[in-house]
Amino acid sequence: MAKLPKAATLLAWYRRHRRRLPWRAEPGETADPYRVWLSEVMLQQTTVKAVLPFFERFLLRFPTPQHLARAPLEEVLKLWAGMGYYARARNLHACVLEILERHGGRFPDNEEKLRALPGIGDYTAAAIASIAFGRKATPIDGNIERVITRLFAVETPLPAAKPEIRAHAEGLTPNRNAGDFAQAMMDLGATICSPKNPACAFCPWNDVCVARARGDMETFPRKIPKASGALRRGVAFVAQRADGAILLRTRPEKGLLGGMTEVPTTEWSANFDFGSAVSSAPAIKAKWQRLPGTVAHTFTHFPLELTVFKTTVPKGTKAPEGLRWSPARDVAGEALPTVMRKVISHAQENSHRNAKSASRRALAGRDTRAGNR
Ligand code: SF4
């Protein structure tokens with residue numbers, strides 16, 4: 001009969017090879033639910049390496065749930081800028097407010113109550129319950145799905161395979177040390193059982209892994225190919241005042257990049273009509289110049305291509321209703337999503353290029369005059 005994977009084997013491996021991370025407790029210490037929650041929310045779509053500096057900065061500014069709850073949402077969004085998925089930052093704030101108002105400032109210690117909080121789904125609830133409170137819970141993310149589908153050679157494609165994966169993962173979860181087991185699974189998926197070229201030679205379960213025995217590890221998890229969203233296009237308007245201030249507005253609270261700051265843009269659509277773009281420009285007296293090139297950005301469900309129009313206006317120009325001038329020194333600290341940072345730097349690079357070629361032309365003119373003398 002085939003040998004089955006055992007939790008004890010993975011836990012022994014974890015004791016020797018665990019990653020040391022700022023939100024993790026040292027052996028014998030209890031993990032802080034606030035740190036575990038913050039790290040799990042940040043890690044939902046990005047890597048540990050990308051999260052580390054954001055986590056340190058957040059914790060320095062908001063060392064406790066109380067500090068985070070007292071901060072204005074705008075400040076939370078600013079510290080989050082660059083990590084994407086801004087709805088998470090808004091939920092983060094809503095979540096600590098609820099913890100303060102309904103739970104006396106303490107995280108609830110079971111999955112059900114955790115799941116009822118804003119922004120906490122099945123995975124995060126199970127991660128906090130097991131890691132910070134020692135409950136028997138099984139968080140399952142993409143990394144863990146990969147490990148399980150390979151270990152058991154789960155042939156059903158995702159997402160239909162999810163119940164099967166959960167049944168296997170729960171079957172493996174030990175009654176004690178469920179938090180260490182969850183973190184061991186996370187580490188195994190992140191460092192050994194990688195999507196390409198898994199390092200099976202170093203895997204503590206390599207003698208029981210069905211996919212490894214067959215040699216088709218990389219084909220798991222099975223997936224149904226999904227169509228990616230159609231390319232959307234639009235125009236972004238960068239208006240700069242003579243003193244360097246940039247015209248900005250805040251996006252609606254709900255929807256994509258909700259509550260974030262942006263330069264005014266047209267709608268973004270697959271059948272965008274450039275002819276009507278200038279009618280969406282902000283209502284200021286200005287001569288708009290279309291810049292060469294475009295700014296490309298990929299969101300989770302569609303790629304975007306923005307053409308940038310730029311103008312420079314006198315210092316006394318008033319901001320139209322719903323827009324505001326952000327002084328040059330404040331622009332970097334605005335809650336601008338990555339796509340908007342790309343748009344502004346595209347506009348500024350063009351200005352520098354134009355200024356350089358103007359000064360080259362002026363110099364060439366001087367040289368010619370000097371040659372004529
Ligand atoms: S043996 Fe290889 S494929 Fe199987 S779980 Fe370990 S690393 Fe993943």
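## Basis

The model is predicted: local features need pLDDT of at least 70, side-chain atom pairs count only at pLDDT 80 or more, and totals for chains, interfaces and linings use all residues. Residues are numbered from 1 along each chain as its sequence is written, and side-chain values use heavy atoms, with hydrogens and water left out.

## Two domains

The protein chain is assigned domain 1 (7-219) and domain 2 (232-367). These bounds come from an automatic or database domain assignment. The C-alpha centres of the two domains lie 38 Å apart.

Nine residues of domain 1 are in contact with 14 residues of domain 2. Contact here means heavy atoms within 4.5 Å. The area buried between the domains is about 830 Å². Carbon and sulfur atoms give 54% of that area. Buried area is the accessible area (1.4 Å probe) that two parts lose on being put together, summed over both. K78, Y86 and R90 supply 52% of the area that domain 1 buries against domain 2.

## Across the domain interface

One salt bridge is counted between domain 1 and domain 2. A salt bridge is a side-chain nitrogen of Lys or Arg within 4 Å of a carboxyl oxygen of Asp or Glu. R90 forms a salt bridge with E253, and their closest N and O atoms are 3.8 Å apart.

On the side of domain 1 that touches domain 2, α5 (73-80) and α6 (86-103) each supply at least two residues. Helix α5 gives the most, with four residues. By class, this side has five nonpolar, one polar and three charged residues. Ala, Val, Leu, Ile, Met, Phe, Trp, Tyr, Cys and Pro count as nonpolar, Asp, Glu, Lys and Arg as charged, and the others, Gly among them, as polar. Helices (H or I, at least four residues) and strands (E, at least two) are DSSP runs, numbered from the N terminus.

## Salt bridges in the whole structure

The whole structure holds 21 salt bridges. One of them joins the side chains of E145 and K162, at 2.6 Å, N to O. E145 sits in helix α9 (residues 142-151) and K162 in helix α10 (residues 162-172). The two are 17 residues apart, and the pair links distant parts of the chain. E145 is buried, at 10% relative accessible area. K162 is partly exposed, at 42%. Buried means under 20% relative accessible area, exposed over 50%, and partly exposed in between (1.4 Å probe, protein chains only).

The side chains of R233 and E305 also meet in a salt bridge, at 3.3 Å, N to O. R233 lies in strand β1 (residues 232-241) and E305 in strand β6 (residues 303-313), so the pair ties together parts that are 72 residues apart in sequence. R233 is partly exposed at 31% relative accessible area. E305 is partly exposed too, at 24%.

D216 and R214 form another side-chain salt bridge, at 2.9 Å, N to O. R214 is partly exposed, with 44% relative accessibility. Salt bridges link E155, R214, D216 and R222 in a network.

## Backbone exceptions

Most residues other than glycine have a negative phi, and most peptide bonds are trans. The sites below depart from that pattern.

A cis peptide bond joins L158 and P159, with omega about 0 degrees. P159 lies in the loop between α9 and α10. The peptide bond from F220 to P221 is also cis, with omega near -5 degrees. P221 is in the loop between α12 (210-214) and β1.

N197 has a positive phi, near 45 degrees. N197 is in the loop between α11 (178-192) and α12. This residue is exposed, at 62% relative accessibility. L257 has a positive phi as well, near 55 degrees. L257 is placed in the loop between β2 (246-250) and β3 (261-262). L257 is buried, with a relative accessible area of 11%.
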